[in-house]
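This briefing walks through the structure shown below, moving from a single position to the fold as a whole. Please keep the sequence and the 3D view side by side while reading.

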Amino acid sequence: GKELTDINTLAEEYLQLAYHGMRAKEQNFNTDIKTDYSLEIGKIKVVPQDLGRVLLNLYSNAFYAVNEKKKKLDGQYKPQVTISTKRRQGRIEIRVRDNGLGISDQTKEKIFQPFFTTKPTGEGTGLGLSLSYDIVNKGYGGEIIVDSKEGEFTEFTVQLPDSLQPSLQ
């Protein structure tokens, strides 16, 4: 069930999980990770495992994207993943940005469709973006927005409504 959850703590916990998961698959995986957690967010009412799975998926995708780019551009590329949280216009935002391969415009349109993947068979994270999208949209009345430039970066923004904050009701 839903419980009061510190979003910054949740974001950090699942970041560690995703990082260790990636290291288990790719022994020499390495990336610069920057975090910028806003202290204004506090706790909101969510199912921590649900939102955690969404974050795990976004982090894993980011790590995968920078790792693939590093394989291509070894030596001239510094992988970086940035996680930030903030409150903006009455909403809570969690952003996951990577300087990896980026996503083409054609792919961007399909990215939240069920069973869609850009990864080779067997490389999937097991929780597609469509499921993450459902959790955020249907579960919380929020949305996931993707911004990307092919070859340069991808940024996913999870927006959650402020109504999940009991202190404001």
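This is a predicted model: local features need pLDDT of at least 70, side-chain atom pairs count only at pLDDT 80 or more; totals for chains, interfaces and linings use all residues.

**Helix 2 and N61**
- Helix 2 covers residues 48-72, and its 25 residues reach 36 Å from the first C-alpha to the last, which is close to the 36 Å expected at 1.5 Å a residue.
- Most of helix 2 is covered, since 18 of its 25 residues are buried.
- N61 has a relative accessibility of 16% and therefore counts as buried, the cut-off being under 20%.
- Although N61 and D98 lie 37 residues apart along the chain, their C-alpha atoms are separated by 9.1 Å.

**The nonpolar core**
- The largest nonpolar core of the protein has 40 residues, and those with the most contacts inside it are Y59, F63, F156, V158 and L160.
- Two or more residues of this core come from each of helix 1 (7-25), strand 3 (43-46), helix 2, strand 4 (80-88), strand 5, helix 4 (129-140), strand 6 (143-149) and strand 7 (153-161).
- When neighbours within four places in sequence are left aside, Y59 is in contact with A11, Y14, L15, A18, I83 and V96.

**The loop position S104**
- S104 is found in the loop that runs between strand 5 (91-98) and helix 3 (105-110).
- With a relative accessible area of 13%, S104 is buried, because that value falls under the 20% cut-off.
- The side chain of S104 is joined to the side chain of T107 by a polar contact of 2.9 Å.

**The fold as a whole**
- The protein contains four helices and seven strands, which, read along the sequence, follow the pattern β-α-β-β-α-β-β-α-α-β-β.
- For 169 residues, a compact globule would have a radius of gyration near 15 Å, and the 16 Å found for the protein agrees with this.
- The C-alpha trace spans about 50 × 30 × 25 Å along its principal axes.
- Among contacts between residues at least 6 apart in sequence, 71% join residues that are at least 24 apart.

**Burial and surface**
- Of the 169 residues of the protein, 46% count as buried.
- The accessible surface of the protein comes to about 9,100 Å², and carbon and sulfur atoms account for 48% of that area.

Terms used:
Residues are numbered from 1 along each chain as its sequence is written. Side-chain values use heavy atoms; hydrogens and water are left out. The expected span of a helix is 1.5 Å times one less than its number of residues. Buried means under 20% relative accessible area, exposed over 50%, partly exposed in between (1.4 Å probe, protein chains only). A polar contact is a pair of N or O atoms within 3.5 Å; within protein, one must be able to donate a hydrogen and the other to accept it, and residues adjacent in sequence count only if both atoms are side-chain atoms. The radius of gyration is taken over C-alpha atoms; the globule rule is 2.2 Å times the number of residues to the power 0.38. Contact means heavy atoms within 4.5 Å. Accessible areas come from the Shrake-Rupley method with a 1.4 Å probe; for residues, only the protein chains shown count as cover. A nonpolar core is a set of buried Ala, Val, Leu, Ile, Met, Phe, Trp, Tyr and Cys residues joined through side-chain atoms within 4.5 Å.
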